[in-house]
Amino acid sequence: MTTNGQMEYTTADAVVAELVRAGVEVVFGVVSIHNMPIYDALLREGSIRIVCSRGESGAANMADGYARSTGKLGVVITSTGSGAGNAAGSLVEAWAAGTPVLHLTGEVGSKYLGTGRGYIHECKDQLSMMKGCCKEAYRLRKPEQAASVVRQAIVTATTAPAGPVSLEIPIDFQSAIIPQSKIESVQVACATQAAPVIPAEVVDQLANSRRPVIWAGGGVISAGASKELTKLAELTGAAVITSQSGKGSIPEDHPQCIGHFAAYEAVKELLKNADLLVSVGVRFRGNETANWKVTAPEAHISIDADLSAFNRNYEVTHGLLGEAKPILAALNEALQAKSVAPEAAYVEEVKSVREKVRAILRETLGPYEAIVDGMRRVLPKDAILVRDVTVPANVWGSRLFEIYEPRTSIHASGGGIGQGLPTALGAQMGQQDRVVVLMAGDGGYMLNVGEMPVAVQENLPLIVLLFDDAGYGVLRNIQDAAYGRQVAVDLVSPDFVMLAKSMGYESNRVGSPEELVNELEAAVARRKPTMIVVDMNAVGPMAKPFGGPPGAADAFKPKKL
């Protein structure tokens, strides 16, 4: 302590100062004996809101959801060893989604690192564990370099392709007294930023294309390039396919928006007959391309900020490396100079395919068609829909519920169940004036059910739509198709209404589309934490059971490799 009673400047203070410098407004985490100095520094600084999760896994999901809904850096603070390990799975999800997240974790005392002596919370090789689940991982090796290392971690997390970055700080370093150094970036300011130079052959290929298809991914949204993408589609008459992460790249009521239907036969046929594919910030994930059985045109212009993305899943003829927004803007300008006009007959064909795939899917829904239509009618256009991995979300929540704006559609990019609740809590924290709705199933929901009180503690008006079929519905269907029997898919669940009410939520159980829509309307109006439990047995079955992604059952049958 100094003579005036103020704390000396420590590593923890330097960490918090860098968070403030980066514009961080909220952090999520669990306080521990291995991060307490950072928490105390946050308290003394006073400008950053601390959200107390009930587990490290949930905290990392919250930081992820916050970053996805806002476009800002998400920050999660965990303890050492098992605490950092608890966050690992959620950091894998942030990596799969390309979300900028900073994970601050403690470490054992510096002199005990790598000794295996049994220091509390010790992990054999925490840094390697974090490297395995993040874009990058760092260790602070000298307390005086705290500001530099934190700043580097933030730059790495937010530089395209963005992703989670872990920084571990030994507990003795956190309270070390260090100089209060000021590190300023000094650069020569440019009056104007040079526009990207697009090769003439790329512009000509686009201008001459009569049947172009655009495939839009999450990179469009992270780059803030939705308007530019929509303009490119309108200039060229292109059909626009979106990945799940790319939902919102173009308003889904746009007549040229095919949406998240790439593996549907009519869309595969459209791609087969296309003369050009323009992909923008898309990974072409296996579960979205029928494990890459969807074929692409030979002519393929790929726009991506990640050099390793080119030729990873589909071969490209031209790769344009860089941020999507300026590249698309330059392409649009070049096409306008050529007075490009779309083929009217092809635009009509695209509209026809759009309507056809939606009609085919609607025929399978049975009573759930009224639910998706009612949800879209009741919810504001800018409502944020978060989807855990569950049958209703996978079948129609990710396809028929129309998304009109970027950052209003969030799903589990890595496919792991149970992350929806904390992700939705983070999204609601980032957009407190918006309506945020979570679609979840009873099986996955129980993985992070302990995070429910966060909504009440933080006064977050989250709406949970819990689709209850007493088990893992999609796995039941896959097992039936693959083996003709089921195992480990039937679950005993609590009375979810009583559970929700005990945690401070408004809650009711519904058994029909009409009841669900009425409850949803009331929830939107009340602006309080709400859980609506949908009794799927009472609602009734879909007209056609969902058997998982194309070929899922066949993949599990015995076979020779």
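A disulfide is defined here as a pair of cysteine sulfur atoms within 2.5 Å. A search of the whole structure finds zero disulfides. C123 is likewise in no disulfide; the nearest cysteine sulfur belongs to C133 and is 11 Å away. C133 is buried, at a relative accessible area of 5%. C123 is partly exposed, at 24%. Buried means under 20% relative accessible area, exposed means over 50%, and partly exposed lies in between (1.4 Å probe, protein chains only).

The model is predicted: local features need pLDDT of at least 70, side-chain atom pairs count only at pLDDT 80 or more, and totals for chains, interfaces and linings use all residues. Residues are numbered from 1 along each chain as its sequence is written, and side-chain values use heavy atoms, with hydrogens and water left out.

In soluble globular proteins, nonpolar side chains tend to be buried together. A nonpolar core is taken as a set of buried Ala, Val, Leu, Ile, Met, Phe, Trp, Tyr and Cys residues joined through side-chain atoms within 4.5 Å. The largest such core has 59 residues. W215, I258, L365, M375 and W396 have the most contacts inside it. Contact means heavy atoms within 4.5 Å. Neighbours within four places in sequence aside, I258 touches A239, V240, I241, V267, L270, V350, V353, R354 and R358. Another core, of 47 residues, lies apart from the largest one. Its members include A60, A63, A424 and L466.

Most residues other than glycine have a negative phi, and most peptide bonds are trans. Several sites depart from this pattern. A cis peptide bond joins A160 and P161, with omega about -5°. P161 sits in the loop between α6 (146-158) and β6 (165-170). Helices (H or I, at least four residues) and strands (E, at least two) are DSSP runs, numbered from the N terminus.

W292 is not a glycine, yet its phi is positive, at about 70°. W292 is placed in the loop between β10 (276-280) and β11 (300-304). With 41% relative accessibility, W292 counts as partly exposed. R527 also has a positive phi, near 60°, and is a residue other than glycine. The loop that holds R527 runs between α21 (513-526) and β18 (530-535). R527 counts as partly exposed, at 30% relative accessibility.
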